[in-house]
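Visitor: I'd like a close look at one part of this molecule, please. Could you take me through its charged side-chain pairs?

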Amino acid sequence: MHEINKSQFGQFLSARRKEKGYTQKELAQKLFLSDKAVSKWERGISLPDISLLIPLSDILDVTVTELLEGKRMETDSSLNTEQVENLVKKALAFSEKKPEKSPQQKRRHWLLFTGCCLLVLLESLACYFIQKHTGIRLFSESVLTMQLLELFFAGYFFLAAKEHLPAYFDENKISAYNDGFFEMNMPGIYFNNKNWPHILRTCRIWSVANAAVFPLFFFGLQWLFPAFWNAAELFLMLAVTLGGTFLPVYHVAKKYAE
C-alpha cells in the first residue's frame, strides 16, 4: 500500500526531464551521478535515494509530493491526515536509515581533533620562542597556511563528514562525492559504502599528520638546510599536501571497493 510505484515514478520523471529539456546525462551530472542511474529510474528498475528527492524536485520544478505520487497535483488540492501519513511512509521506503555515530565515537573524534589543535598550537609556540632566541627564521607562511587548511579539513573529517553514503552510491559507479563545500573527485575509483569507512579513516589520519607531524619536518629543513628549503619549498609542500593525501586515499578506495 505504501510502496512507490516504480513504473509510474519513472514515467513521471522522464516526462518532466524532457519538458525541462535535459538529457539523462545532463540530469545525472546535476546530481553527480551516472546517466545509467537516471536510466534505471525512468525504466522502473530502481528508485533514487531519499537524499535526492529535494534536489530532483528543484531541478525538475516539481514538488516532493508530486515525485512521490508520480503525477502532477492540483494547485488547490489539500491532503488529509491519511494521505500525509501515506506520503511519509513512501518517503521512508526510499532508503534504510543508517546508524548514527555512537556517543563513544563522537567523544573519541572530538578528543583526537582537540589534541591535534593543541599539538599544532604547541608547535607554533615552540617555533616562535626558538626564532626569538636564536634569530633563525622558522615560520613560513606556506607551512602555517597548510596547517590551518589541514586543521580545517581534519575538523570536517572528524566532526562533520557523513559516516555512510546514500544507497545510490552502492548501485552505481560514482567517482565524485559532494557534501556542500567539500568535493572529492577521483577518476578511476568509485565510492561506495564498502570503501567509504576506509577512505574516511585515511583522510582523518593524513589530515592530522599534515597538520601536526609534517610541519616539524618542514621546520627542521628550514633550520638545518635553509638553502635547500628555499629552493624546494613549493615542491615539498605540493608533494605532501596533494600526493601525500591522494595516494593513500586512492589505494584504500581501490583495495576496498568490492
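Visitor: How many salt bridges does the structure hold?

Guide: Keep in mind that this is a predicted model. The structure has 5 salt bridges, so let's walk through some of them, starting with the general idea: side chains of opposite charge can pair when their charged atoms come close.

Take Arg16 and Glu19, whose side chains meet in a salt bridge at 2.1 Å, N to O. These two sit 3 residues apart in helix H1 (residues 6–20), so about one helical turn separates them.

Now look at Arg17, which pairs with Glu42 in a salt bridge at 2.5 Å, N to O. Arg17 belongs to helix H1 and Glu42 to helix H3 (residues 35–42), so this pair ties together parts that are 25 residues apart in sequence. Arg17 is buried, at 7% relative accessible area, and Glu42 counts as buried too, at 12%.

Next up are Glu163 and Arg204, another salt bridge, with the closest N and O atoms 2.7 Å apart. Glu163 lies in the loop between helix H8 (141–160) and helix H9 (168–171), and Arg204 in helix H10 (residues 196–224), so the pair ties together parts 41 residues apart in sequence. Arg204, at 9%, is buried.

Notes
Residues are numbered from 1 along each chain as its sequence is written. This is a predicted model: local features need pLDDT of at least 70, side-chain atom pairs count only at pLDDT 80 or more; totals for chains, interfaces and linings use all residues. Side-chain values use heavy atoms; hydrogens and water are left out. A salt bridge is a side-chain nitrogen of Lys or Arg within 4 Å of a carboxyl oxygen of Asp or Glu. Helices (H or I, at least four residues) and strands (E, at least two) are DSSP runs, numbered from the N terminus. Buried means under 20% relative accessible area, exposed over 50%, partly exposed in between (1.4 Å probe, protein chains only).
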